[in-house]
Amino acid sequence: MNLFDLSGKVAVVTGGTHGLGMAMAEGLAAAGAELAITSTTPSKLEEALNYYHSKGYKATGYIFDVTDELEAAQKVALMEATHGKIDILVNNAGIIKRIPAIDMEVEDFRKVIDVDLTGPFIMSKLIGKHMIKRKSGKIINICSMMSELGRDNVVAYASAKGGLKMLTKNLATEWAKHNIQVNGIGPGYFATSQTEPIRVDGHPFNDFIISRTPEGRWGNPEDLAGTAIFLASDASRFINGQIIYVDGGILATIGKPANE
């Protein structure tokens, strides 16, 4: 089990203040990692840090926009000085704008690309420099099923997440020789506060997800923790450039699940 031990490791989790980002961060902390959480919202960051501290986890917060390279560089330098190193980077911060392609303004398209794709590039570049010097590092990009599939009204998000898959593969190609593993997690549909209003019997989308998922349920946020720990630990030291889809089997099948 020492393969999964993250004691002594420092993990940066962007957007780790709520939802799936918080679930993955908590998993890393439970495995022994010290957390450095980023956010653009002071109130959310304070609330998240209070939660982590209540659980006995060591966590520090940083307010900045991952799409601002200058600001991000200053905060990464502060993280390095504060923690002494960064062993793990989880590029989780992201947004989505649900607009039909024909109606989407270019400004909105660019904003999603900036946060969901350029942000992970900036953070990987800034932290990757230090990982290269130390000849060690783990980068985990939070992709999506939209890294593989299209869907109505998410053209910018799907474009960004498809690009994030290829950013993952290319960084793995360039940095593997420095003992840096760059992989991704592609979450399926999860039970979060954002999806709570539609997770009711009789709601068309709720019924669609349950019928479309072979496991017949929404994912629980903690279902992502094990995959995050695995990719952040020595257990995955020869895995590089891969995307692990944690989706209850949606991408494995076409049509209705076999149990119907």
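Contact is defined as heavy atoms within 4.5 Å; axes are lines fitted to C-alpha atoms, for helices over the stretch in contact, and angles run from 0 to 180 degrees between N-to-C directions. The model is predicted: local features need pLDDT of at least 70 and side-chain atom pairs count only at pLDDT 80 or more, whereas totals for chains, interfaces and linings use all residues. Residues are numbered from 1 along each chain as its sequence is written, and side-chain values use heavy atoms, with hydrogens and water left out.

**View A. Helices H3 and H4 on the sheet.** Helix H3 (residues 69-83) lies across strands S1 (10-14), S2 (34-39) and S3, and runs at about 160 degrees to S3. Helix H4 (residues 106-134) packs on the sheet, where it touches S1, S4 (88-91), S5 and S6, and its direction makes about 175 degrees with that of S4. Helices (H or I, at least four residues) and strands (E, at least two) are DSSP runs, numbered from the N terminus.

**View B. The open parallel sheet.** The strand order is S3-S2-S1-S4-S5-S6-S7, seven strands with parallel pairing. Strands S3 (59-63) and S7 form the edges, each pairing on one side only; two strands pair if DSSP finds at least two bridges between them. On average, neighbouring strands of this sheet are turned by 20 degrees against each other, direction ignored. Six bridges link S5 to strand S6 (residues 180-187) in the parallel sense, and glycine 137 has isoleucine 180 in S6 as its bridge partner.

**View C. Lysine 138 in strand S5.** Lysine 138 belongs to S5 (residues 137-142). This residue is buried and has no salt bridge, the nearest side chain of opposite charge being aspartate 234 at 5.4 Å. Buried means under 20% relative accessible area, exposed over 50%, and partly exposed in between (1.4 Å probe, protein chains only). A salt bridge requires a side-chain nitrogen of Lys or Arg within 4 Å of a carboxyl oxygen of Asp or Glu; Lys and Arg count as positive and Asp and Glu as negative, while His and the chain ends are not counted. A polar atom of the lysine 138 side chain lies 2.8 Å from the backbone oxygen of serine 233.

**View D. Glutamate 34 in strand S2.** Glutamate 34 lies in S2 and counts as buried because its relative accessibility is 18%. Beyond residues up to four places away in sequence, glutamate 34 touches Lys9, Val10, Ala11, Lys58 and His83.

Definitions and conventions
Polar contact = N/O pair within 3.5 Å; in protein donor to acceptor, adjacent residues only side chain to side chain.
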